[in-house]
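Biologist: Please take one part of this model and go through it closely. I would like to know what it is built from and what lies around it.

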Amino acid sequence: MASPPARKAARTARTRVHVVSDVHGNARDLARAGEGADALICLGDLVLFLDYADHSRGIFPDLFGEANADRIVELRTARRFEEARAFGSELWAGLGTDRRTAVESAVRRQYAELFAAFPTPTYATYGNVDMPPLWPEYARVGTTVLDGEVVEIAGRTFGFVGGGLRTPMRTPYEIDDEEYAAKIEAVAGVDVLCTHIPPEVPDLVYDTVARRFERGSRALLDAIRRTRPRYSLFGHVHQPLSRRMRIGSTECVNVGHFAGSGRPWALEW
């Protein structure tokens, strides 16, 4: 009797995407963040202006020294924003060079290193401390920049919305609630919502170390409830009360403070 034909083991191709946010100058770990993944997603805040955990790092202490960085962090943490702004203005006035020129020059140096570290392919959107007008100069072939736009990765749709909402901190890429809501609406219905800031849920927007509520988006929360994406991925809040929660059928994940952890969050399907 002839032997039955041998059965071939079924093989299912899997897709793995690594997601990072709040890179804040960590080019070393960013260069390894795509290892073992089919693509990398970056949800913004590439720039390191001031490290609240190590006041010696960033553009601000490079220009004004660690002692002045200590003072500005103290004022901001106490929510004494007007005093912080006045103190900063005094420092900038005594710098002897144009503020915009000094900051842009420092940001350019960081962007040159960070964009060179992105693997191919990378899909990226802006954080609230980023400077979007500079990105086209540094995004190489293989890096796709998206804001209020949708891309398909291995059969799933990913919608990207960058930036943050208006705050007393006045970071570079803060926009009005209406403009932000319009961008959320433009990507409604995707499988995975990728934003820099979280939906406006207390456990997701409260930073346990800074001891304050950061701004989340009500429009994003409403879109999650209405369109029920598989995932809502975001960063912005470095040490949230909750890193992960479910809103209806949507898994909401803070993909982490990459500057501190150096580890990407993985999504597989």
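Modeller: Helices (H or I, at least four residues) and strands (E, at least two) are DSSP runs, numbered from the N terminus. The model is predicted, so local features need pLDDT of at least 70 and side-chain atom pairs pLDDT 80 or more, while totals for chains, interfaces and linings use all residues. Residues are numbered from 1 along each chain as its sequence is written, and side-chain values use heavy atoms, without hydrogens or water.

I start with helix α5, which gives five residues to the lining of the second largest pocket, the most of any element. A pocket here is an open set of points on a 1 Å grid where a 1.4 Å probe fits, with protein on both sides within 12 Å along at least five of seven lines; lining residues have an atom within 4 Å of a point. The lining consists of Gly 25, Leu 48, Arg 57, Gly 58, Ile 59, Asp 62, Ala 106, Arg 109, Gln 110, Glu 113 and Leu 114. Two elements, α2 (59–64) and α5 (99–117), each supply two or more of these residues.

Leu 46 shows how the pieces meet. Apart from residues up to four places away in sequence, Leu 46 is in contact (heavy atoms within 4.5 Å) with Val 23, His 24, Gly 25, Gln 110, Tyr 111, Leu 114, Phe 115, Phe 118, Asp 130 and Trp 135. Gly 25, Gln 110 and Leu 114 are also among the residues that line the pocket.

Val 161 is buried because its relative accessible area is 0%. Leaving aside neighbours within four places, its contacts include Thr 125, Asp 147, Gly 148, Tyr 180, Lys 183 and Ile 184. Tyr 180, Lys 183 and Ile 184 are the buried residues of helix α7 (residues 177–186). What covers these residues includes β6, β7 (164–165), β8 (174–175), β9 (192–195) and α9.

Conventions. Buried means under 20% relative accessible area, exposed over 50%, partly exposed in between (1.4 Å probe, protein chains only).
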